[in-house]
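Morning, everyone. I have one structure to show today, and I'll keep it brisk. Please have a look at it first.

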Amino acid sequence: MKKLTLIQRLITLTLGVASVGFTPHTSQALDPPAQVGTQQLGLSQTHALAIQNNLSLLISRYQKQQGEQASSRVRQAYVPSLSIDLGWSDDVSLIADERNRSLAYGAQVNWTLPQGTGLFARLEALEFLSGQSFVPQPSNKLQLGVSQPLLQGFGQGVDNIDRAKAEVKQQQAVFASVLNDFLLEVEQSYWSLVLAQNDVVIKQRSRERAQKQFDDMTENIRRGLVAPGEIFIVEENLVFFTQQLIRSEEALTLAQTRLARLIRVDPNTEITATDDLEKYAFKAPPSLEEALNTALANNPSVQAAEFSLSQQKETLSIAQNQYKPQLDLSAAATLNGVDQSRAQAWKQVVTAQQPGWQVGLDFTIPLDRSPDRARLEITELATAQARTVVEDARDDVRYGIKEELTRWQRRLEVLNLSEKRMNLALEKLQTEQEKYKSGLSTLANVVLFQRDLDSARIGLQSARLDVVLAAVRLYRLQGTLSQHVGVEVQ
């Protein structure tokens, strides 16, 4: 439970009304639902529950947290450190019946900079307590030193901080990809539930109409107004719509179960989607240039590949730097204080009466360069491979954007035709009903046209869903789906 609490702090969710290729006329604010029984959910509330409750997404958040902690671990090598030492010495003296006893104490600060520069400062003191082997005077010292590599990059390409930063950004991009994929699944499940609900309403209305026709025909046959054989037409119609209703109810239950899985509520919960496709005004897709520019700048897979390339470049820089011979410059200044008086000894240190200097060069080169050369070549190959991965990810986006825009545009055209088809089917049925009342048509034709109208209504609902999902898939490929549905990741 402690892990989940830490994980949940990684993300701040700002949830508003979803915008997936259409503009809502109204928005609803719903109270948090119970976890069992019947739930009414808007799309934005579904997003919130799914993100908060989905286990796989929590695991992804934990991986993101691990990447951020890795950056902090890399910085550990460049954090200043303080060490304090204390030593007691009791040795044999050169004079009989004497022992040399002394107390040494000191403190030292070490600091290595990311540029490879090393700094240190040491303050130490030696107190002689007894003995005659050495001059029994207090000895104090303050030493300041610095070291700097001269050949290995002269401070460049010597640390892993930039590489760790790129790794954190790569983890964030991976998380964004997981989040967008998950939100796509939520959108698909939610709108599939909406479609299933509408389909059940249509099938229930159709079955009720078929039942009324059957009852009316049964009464007319009983009264001798029509031939008995006419009952087969309306009875077959009743059986057909009853069968269709059963299938629709099955699809509705399955859609509810799939959405319940995503928001992690009881599988027996009857979920009702309150957002309706009929209440949204659909809009045309963006231009190819606009969609492609957005995708290349925000697609998580492209970003992850680019950050991976940045890591490899940093690794290559370090490998190239370490392949050079090592030539280090070191310098130190020492302020000494030696006097029988402890106070005078410290005064000599503070006033620099007895300074000392030290300068040195340290040159090191391996006698066998093959291991270093192999490591450098491996890093160069990995960097070249990372560049190829970036180009491949960009190609996936370029071709994918073209595909998704084509789907969006064509399915919008199909939607317009589906609306026209439903209107024509309604007019056709009304005309046929008038003809039937006048004796110019048959009941079989009326039943057939009623089925055509129901089919057109269902087709219109499906066409609306196709446009919605086409827009959502484009946003997912662009890497902006989370922004479009109102989820802010920090």
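This is a predicted model: local features need pLDDT of at least 70, side-chain atom pairs count only at pLDDT 80 or more; totals for chains, interfaces and linings use all residues.

Let's start with the whole chain. The protein chain has 490 residues, and 38% of them count as buried. Its secondary structure comes to 11 helices and 10 strands. The accessible surface is about 27,100 Å². Carbon and sulfur atoms own 54% of that surface. Now the contacts. Take those with a separation of 6 or more: 78% of them join residues 24 or more positions apart.

Next, charges. How many salt bridges does the structure hold? The count is 18. I'll pick out a few.

Look at helix H9, which covers residues 370-437. Arg375 bridges to Asp372 there, with 2.4 Å between the closest N and O atoms. Why can these two meet? They are 3 residues apart in H9, so about one helical turn separates them. Their surroundings are worth a look too. Arg375 is partly exposed, at 39% relative accessibility. Asp372 is at 14%, and because buried means under 20%, Asp372 counts as buried.

Stay in H9. Glu413 and Arg410 form another salt bridge, 3.0 Å from N to O. Again the spacing is 3 residues, so about one helical turn lies between Glu413 and Arg410. Glu413 is partly exposed, at 32%.

Move on to helix H10, residues 443-478. Here Arg457 pairs with Asp454, and the closest N and O atoms are 3.9 Å apart. The cut-off for a salt bridge is within 4 Å, so this pair is counted. Arg457 and Asp454 are also 3 residues apart, about one helical turn. Buried or exposed? Asp454 is buried, at 3% relative accessibility. Arg457 is partly exposed, at 22%.

Asp85, Arg122, Glu124 and Lys141 are linked in a network of salt bridges.

Now the rings. There are 3 aromatic pairs in the structure. One of them is Tyr190 with Trp191.

Phe241 is buried, at 3%. Phe240 is partly exposed, at 25%.

Which residue lies over its face? That is Arg451, 4.0 Å from the ring centre of Phe240. The charged end of Arg369 sits over the Tyr323 ring, 4.3 Å from the centre.

Last stop: backbone angles. Arg264 has a positive phi, near 55°, and Arg264 is not a glycine. Where is Arg264? It lies in the loop between helix H5 (231-263) and strand S7 (270-273). Its relative accessibility is 38%, so Arg264 counts as partly exposed.

Ala352 also has a positive phi near 55°, again in a residue other than glycine. Ala352 sits in the loop from helix H8 (342-350) to strand S10 (354-364). Ala352 is partly exposed, with a relative accessible area of 34%.

That's the tour. Over to you for questions.

Key
Residues are numbered from 1 along each chain as its sequence is written. Side-chain values use heavy atoms; hydrogens and water are left out. A salt bridge is a side-chain nitrogen of Lys or Arg within 4 Å of a carboxyl oxygen of Asp or Glu. Helices (H or I, at least four residues) and strands (E, at least two) are DSSP runs, numbered from the N terminus. Buried means under 20% relative accessible area, exposed over 50%, partly exposed in between (1.4 Å probe, protein chains only). Contact means heavy atoms within 4.5 Å. Accessible areas come from the Shrake-Rupley method with a 1.4 Å probe; for residues, only the protein chains shown count as cover. Rings of Phe, Tyr and Trp (its six-membered ring) pair if their centres lie within 6.5 Å; planes under 30 degrees apart count as stacked, over 60 as edge-to-face and the rest as tilted. A charge sits over a ring if NZ of Lys or CZ of Arg is within 6 Å of the ring centre and within 35 degrees of the ring normal.
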